[in-house]
Each structure stands twice: as structure tokens, then as C-alpha cells.
Amino acid sequence: MTKIIDTVMSRVEVTDLDAALSTYRMLAGTDEVRRLEFPQFRMAIVGTFMLIEGTPEQLAPFRRAATLMASDHDAAVAAFTTAGGQVLEGATASAGGTRTIVADRDGNPFEVYTPQAG
């Protein structure tokens, strides 16, 4: 069997991004933090944790079960649709890569993300 997903990023909604960083640095065993600013929310990536700060209303459109990092974007999306899932939002460019929102056959939403090469 071929591995399709490289890494699973846990999405964690936090009320105070800066206050949450020390806990997630400890859990991930790293001091490395990648911060991203969006109009609707603030985000920091710490290891395999994707911390997202915003109001419940701001975050509602971005709630996903997880972000699935995949080297082969098309194969990852096809794995969902072949298994009875569906594409909710087609492939779009986003923060240094390509993302597609999919749902599994039970309706659980996931973001499939493939970083740009290079």
C-alpha cells in the first residue's frame, strides 16, 4: 500500500495565540514557530499543531477535522472521492501551496495541503 498523506496537522482553536505557544512548543518539542496572519484570524504552526486564534464566528468557515499534508495533491484528493467522499472547495493557491477542502464519506471536512516545491 502506498502512503498518500505525509503529515497530519492538528487544528487547534485558541483564545490567545501568544499564551498558547509555550504549551505547544513543549508538546511538539520545538522552539520553531511559523506565524501567519490572515484577515479573519491569526495562525501559528508549531510542529504538527496548527494554532488558530479568532472568534467562533471568524473561525466557523475554516473549521476542519485536520490539515493533511500531501506531496501528491491529486492522489490525496482522489483517495477521498474514490472512497465515497467529495470535494467541497476545489484546489486554490494558499499561503505557499495548494489547498483543497474535501469531506470523507461521513461528511468530516479536511484540508488537503501541498506546499509549493522549492
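Visitor: Is Arg-42 buried, exposed or partly exposed, and what's its relative accessibility?
Guide: This is a predicted model, and in it Arg-42 comes out at 22% relative accessibility. The cut-off for buried is under 20%, so Arg-42 counts as partly exposed.

Visitor: Which side chain does Arg-42 meet in a salt bridge?
Guide: Asp-18, with an N to O distance of 3.2 Å. Arg-42 sits in strand β3, residues 42–46, and Asp-18 in helix α1, so the bridge ties together parts that are 24 residues apart in sequence.

Visitor: Which other salt bridge does Asp-18 make, and how long is that one?
Guide: The side chain of Asp-18 also meets Arg-35, at 2.9 Å from N to O. That pair links distant parts of the chain too: helix α1 covers residues 17–28, Arg-35 belongs to strand β2 at residues 34–37, and the two residues are 17 apart.

Visitor: And how accessible are Asp-18 and Arg-35?
Guide: Asp-18 has a relative accessible area of 43%, and Arg-35 is at 42%. Asp-18 is partly exposed, and Arg-35 counts as partly exposed as well.

Visitor: Which residues are in the salt-bridge network around there?
Guide: Asp-18, Arg-35, Glu-37, Arg-42 and Glu-53 are linked in it.

Visitor: How many salt bridges does the structure hold?
Guide: Eight. One of them joins the side chains of Glu-89 and Arg-99, with N to O at 2.8 Å. Glu-89 is in strand β6, residues 86–94, and Arg-99 is in strand β7, residues 97–103, which puts the partners 10 residues apart.

Visitor: What about the charges over the whole chain: how far apart are the mean positions of the positive and negative ones?
Guide: They're 0 Å apart, for 10 positive and 15 negative charges.

Visitor: OK, new topic. How many helices and strands are there, and in what order do they run?
Guide: Three helices and eight strands. Starting at the N terminus, the order is β-α-β-β-β-α-β-α-β-β-β. The radius of gyration is 15 Å, close to the 13 Å from the globule rule for 118 residues, so the chain is as compact as a globular protein of that length.

Visitor: What does the C-alpha trace span along its principal axes?
Guide: About 40 × 30 × 25 Å. Of the 118 residues, 36% count as buried. The accessible surface comes to about 6,900 Å², and 52% of that belongs to carbon and sulfur atoms.

Visitor: What share of the contacts comes from residues 24 or more positions apart?
Guide: 48% of the contacts with a separation of 6 or more.

Visitor: Last one. Where's Ala-65, and what does Ala-65 touch beyond its sequence neighbours?
Guide: Ala-65 is in the loop between α2 (56–59) and β5 (67–69). Leaving out residues up to four places away in sequence, Ala-65 touches Pro-109 and Phe-110. Met-9 is 56 residues away from Ala-65 in sequence, with 9.5 Å between their C-alpha atoms.

Visitor: And how accessible is Ala-65?
Guide: Ala-65 is at 46% relative accessibility, which counts as partly exposed.

Note on methods
Residues are numbered from 1 along each chain as its sequence is written. This is a predicted model: local features need pLDDT of at least 70, side-chain atom pairs count only at pLDDT 80 or more; totals for chains, interfaces and linings use all residues. Side-chain values use heavy atoms; hydrogens and water are left out. Helices (H or I, at least four residues) and strands (E, at least two) are DSSP runs, numbered from the N terminus. The radius of gyration is taken over C-alpha atoms; the globule rule is 2.2 Å times the number of residues to the power 0.38. Buried means under 20% relative accessible area, exposed over 50%, partly exposed in between (1.4 Å probe, protein chains only). Contact means heavy atoms within 4.5 Å. Accessible areas come from the Shrake-Rupley method with a 1.4 Å probe; for residues, only the protein chains shown count as cover. Lys and Arg count as positive and Asp and Glu as negative; His and the chain ends are not counted. The place of a charge is taken as NZ of Lys, CZ of Arg, CG of Asp or CD of Glu. A salt bridge is a side-chain nitrogen of Lys or Arg within 4 Å of a carboxyl oxygen of Asp or Glu.
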